Amino acid sequence: MTASTDYTAQEIIVVAGSKVLENNKIVFVGTGLPMVASLLAVLTHAPGLIPVFEAGAVGPPLKRGLPVSVGDSKTFTGASYLQGLNAAFELTQRGFADFGFIGGAEVDMYGNLNSTMIGSFPDGYQKPKVRLPGSGGAADMAASCERTILIVPHDKKKFSEKLTYVTSPGHLDGSPDARFKAGMQGKGPYRVITTKGIFDFEEKSKRMRLLQTFPGETVDSIKAATGFELLVADNVSEFKAPTVEEVRLIREEIDPTGVFVKRA
Amino acid sequence: MENSAKMFWTGLSPDEARAALVTKDKSMRDKRMTLKDAVSKFVKNGDNVAIGGFVDVRQPVATTHEMVRQGFKDLTLSFQSAGLGPEFLAGAMLARPDHCSIKRIELAYWAHEAFGLSPAWRILAENSMVEFEDWSNYNISARFKAGAMGLPFLPTRSPLGGDITNTSRTKIVDCPFTGRKIGLVPASNPNVGLLHVQVADMYGNCIIRGSLGTCVEIAMASAHTIVTCEQLVSHELVTKNPNEINIPFAAVDAVVHVPFGAYPGACRRHYYFSSDYIRKFLALIAPIAKGGSSDALKAWYDEHVFGVANFDEFIAKMPAKQLLHDQAVEAYNYEALA
């Protein structure tokens, strides 16, 4: 396996995201990089991975190219089950989704995510400084997928001590059984994948913990780019650069027109 | 009970929704009419209008254009994830505030996925030009479903734990059976639902291809439903396999045959997204956020909405090459013998 020398930040995120996924599991897939990561997993180590899209498609083979929407016609062709949003979220709430991929504009140390607004809250809710699109299905996936994988570009401001708004709840305040006590299901945030590395959540404190650094990053460089106190695993390792073949699959097979994976 | 946010109903309360059906003409009659007549008959100022489809898929674009042509005031818009529907309505509010206005938005997501953020949503929200209430996709879908089921609420897990419970009419209660916390979301019974579907007969029996979105729930929950369709076919064909009917005639008030009625968005089996057109339209709104001129946007509405009599004339302005391309892409997504 030859290591690639010209992969991009988004490509390493995709490769890292795909490796978290396990074969023969159901993954609830959002728009963008999660789609690419899931397709890469199917083409590599997880041919039996089953994608679910919130507009309703369950288990499509995605042979008609990369969907640009989770309601894309390309997700409908060959789907094993296809109803609407209620059906997709009901099966998730029931426990059929092993993994869910979610993103946000801000994340805190407990894996809570914000994709609603930047500004002051609650006073400034009706006059946000920056209005983001809103939850979509992210809050639902956060509440009911068994394990969630968070994708957030690594930035000191985005890795924030306190979120403006909690759109998609993770480990809440990190207190014991916080999710269960709140009425939620599933184990919550499992991995965080950023432009700098891979993180999990320490079992007791539920705080974000650095597991692997991407090539070119160090524990210190990642700490410096994080707006809260980051835990560091005892045996932090370097995540291997994507292989030439993985990069080729992304560029030539999965996203040949660069819809989601930017070349620069 | 946590969250004592003041309760109010937008659109109809569950009891009002029930009462409205009691007096409604449920006969299986010919409901074909022009979109102009359907909008003037069923959409009123101040209404809570539900938008069908999902993001830029099967959005009721033709109906939103007709609403803009006729003008509207103080609307509430309700949708899970939408793109072009609210964008065309809100763009009109930015271009012609004297003619079109939105008062309130109940939503889970407003943007365009791969095609970008919604510039109109940012402008309206960041300048407090509308009031809004955030939900999740499942919350809103369950709200329409509760309305469709004749129930005042549904219990769901997903408002729990986050701030959606603090900014919406969600109630968190102790489940009477398990003792654990559970979220209750109030029914949504809109005044009017706007749907674009693949197939309908003249009575309003509808067949949807691809994702149902929450169109079935919206049709059943709303006091009135306007359906535009790609194919208007015989009652005999629609009822050939009754299991295929997604929406029953009794839930529909107007049937309008509008080919390309969700364009430049996508419609399964008919056409794929016209991504360039969507991006170009968004680019007309974006400069206004930075204090730029709305002249280009006004000119677009003057030419494409106010300057035409109906949606057919809007589509007729599109290059044939572009329409054929978007049909051909969809013919690859959905392969079928002619």
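Mentor: Before we look at helices that cross, take an axis to be a line fitted to C-alpha atoms, for helices over the stretch in contact, with angles that run from 0 to 180 degrees between N-to-C directions. Keep in mind throughout that this is a predicted model.

Trainee: At roughly what angle do the axes of helix 9 and helix 10 of chain B cross, and within what distance do they come?

Mentor: The axis of helix 9 (residues 275-289) of chain B and that of helix 10 (residues 295-306) of chain B cross at roughly 145° and come within 8 Å. The crossing in which helix 9 of chain B passes helix 10 of chain B is left-handed.

Trainee: Which residues meet where helix 9 of chain B faces helix 10 of chain B?

Mentor: From helix 9 of chain B come B:L284, B:I285 and B:I288, and they meet B:A296, B:L297 and B:W300 of helix 10 of chain B. By class, this contact has six nonpolar residues, no polar and no charged ones.

Trainee: Is helix 6 of chain B largely enclosed or left open by the rest of the structure?

Mentor: A residue is buried if 20 or more other C-beta atoms lie within 10 Å of its own. Twelve of the 13 residues of helix 6 of chain B are buried, so this helix is largely enclosed by the rest of the structure. Among them are B:Y138, B:I140, B:R143, B:F144 and B:K145.

Trainee: How many helices and strands does chain A have, then?

Mentor: Chain A has eight helices and 14 strands. Its radius of gyration is 18 Å, close to the 18 Å that the globule rule gives for 264 residues, so chain A is as compact as a globular protein of that length. Of those 264 residues, 56% count as buried.

Trainee: Where does chain A touch chain B, and how many residues are in contact?

Mentor: In general, the size of an interface is often given as the accessible area lost when the parts come together. Here we count residues instead: 50 of chain A are in contact with 54 of chain B. Helix 3 (73-76), helix 4 (85-94), strand 9 (130-131) and helix 5 (138-144) of chain A each supply at least two residues of the side that touches chain B. That side of chain A has 22 nonpolar, 21 polar and seven charged residues.

Notes. Residues numbered from 1 in each chain as written. Chains lettered and ligands numbered in written order. Predicted model: local features only at pLDDT ≥ 70, side-chain atom pairs only at ≥ 80, totals over all residues. Helix = DSSP H or I, 4+ residues; strand = E, 2+ residues; numbered from the N terminus. Rg over C-alpha atoms; globule rule 2.2 N^0.38 Å. Contact = placed C-beta atoms within 7 Å. Nonpolar A, V, L, I, M, F, W, Y, C, P; charged D, E, K, R; others polar. Left-handed = near helix turned anticlockwise from the far one by under 90°.
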